[in-house]
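Please find below a short note on the structure under review.

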Amino acid sequence: MRFLRYMWIGVLFCGMALAVPPQQAAAATPEKAEAEKKDGELEYVDMSPILLPVISREGKTQNISILISIGIDQGQGPFLEGYQPRLANAYIQALYSMFDNGEAIRPSGAFDAEKVQTRLLAVTEKMLHDHEHLKVHDLLLKVLQARASY
């Protein structure tokens with residue numbers, strides 16, 4: 001019985017990992033490609049890992065791990081690194097809201113990575129809107145996984 005439970009958990013996590021769609025090309029439109037050429041090369045800043053314990057209404061607990069990289073203009077990395085604690089706080093609040101409303105989970109039970117990525121990009125832009133010299137071009141979800149904890 002224990003073996004079947006572990007096997008089910010493994011299948012569940014494999015399904016969640018496969019549900020995360022690959023990232024689209026950063027320059028999807030010609031206007032965006034020109035803007036990136038003008039701005040120069042992008043620098044990706046890796047955020048510290050975010051660990052999110054989530055308890056469902058049924059009492060099931062899972063730990064969600066998220067690794068994020070933010071694409072900004074070259075040379076702006078040190079400035080963004082100073083904002084990491086504030087961004088992490090805003091990300092945690094947004095993610096708890098999404099999990100509470102059920103927005104982050106598809107009907108199949110897998111994560112909706114596109115919605116999570118879109119919401120986190122909006123949160124990032126909102127946090128940094130006062131800093132005109134720092135423009136966020138991209139947000140990548142490097143890892144989005146959940147582990148059941150009993």
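A salt bridge is taken here as a side-chain nitrogen of Lys or Arg within 4 Å of a carboxyl oxygen of Asp or Glu. The model is predicted, and the points that follow should be read accordingly.

1. Three salt bridges are present in the structure. One of them joins the side chains of arginine 119 and glutamate 103, with an N to O distance of 2.7 Å. Arginine 119 belongs to helix 5, whereas glutamate 103 sits in the loop between helix 4 and helix 5, so the bridge ties together parts that are 16 residues apart in sequence. Arginine 119 is partly exposed, at 26% relative accessible area, and glutamate 103 is also partly exposed, at 28%.

2. Aspartate 46 and lysine 142 form another salt bridge through their side chains, at 3.2 Å from N to O. This pair connects distant parts of the chain: aspartate 46 is in strand 1 (residues 42–46) and lysine 142 in strand 4, 96 residues apart. With a relative accessible area of 45%, aspartate 46 is partly exposed.

3. Arginine 106 and aspartate 112 also form a salt bridge, their closest N and O atoms lying 3.7 Å apart. Aspartate 112 has a relative accessible area of 13%, and because buried means under 20%, aspartate 112 is buried.

4. The largest nonpolar core comprises 32 residues, and Ile64, Ile68, Ile70, Tyr91 and Leu141 have the most contacts inside it. Two or more residues each are supplied by strand 2 (50–55), strand 3 (61–73), helix 4 (84–101), helix 5 (113–127) and strand 4 (136–149). Helix 4 provides the largest share, seven residues.

5. Leaving aside residues up to four places away in sequence, isoleucine 70 touches Glu43, Tyr44, Val45, Met47, Leu80, Leu87, Tyr91, Thr124, Val136, Asp138 and Leu139.

6. How do helix 4 and helix 5 cross, and at roughly what angle? Their axes come within 10 Å and cross at roughly 140°, which means that helix 4 is oblique to helix 5. The crossing is right-handed. On the helix 4 side, the residues in contact are Arg86, Leu87, Ala90, Tyr91, Ala94, Leu95, Ser97 and Met98. They meet Lys115, Val116, Arg119, Leu120, Val123, Thr124 and Met127 of helix 5.

Definitions and conventions:
Residues numbered from 1 in each chain as written. Predicted model: local features only at pLDDT ≥ 70, side-chain atom pairs only at ≥ 80, totals over all residues. Heavy atoms only, no water. Core = buried A, V, L, I, M, F, W, Y, C linked by side-chain atoms within 4.5 Å. Buried < 20%, exposed > 50% of the residue type's maximum accessible area, 1.4 Å probe, protein only. Helix = DSSP H or I, 4+ residues; strand = E, 2+ residues; numbered from the N terminus. Contact = heavy atoms within 4.5 Å. Axes fitted to C-alpha atoms, helices over the stretch in contact; angles between N-to-C directions. Parallel < 35°, antiparallel > 145°, perpendicular 65-115°, else oblique. Left-handed = near helix turned anticlockwise from the far one by under 90°.
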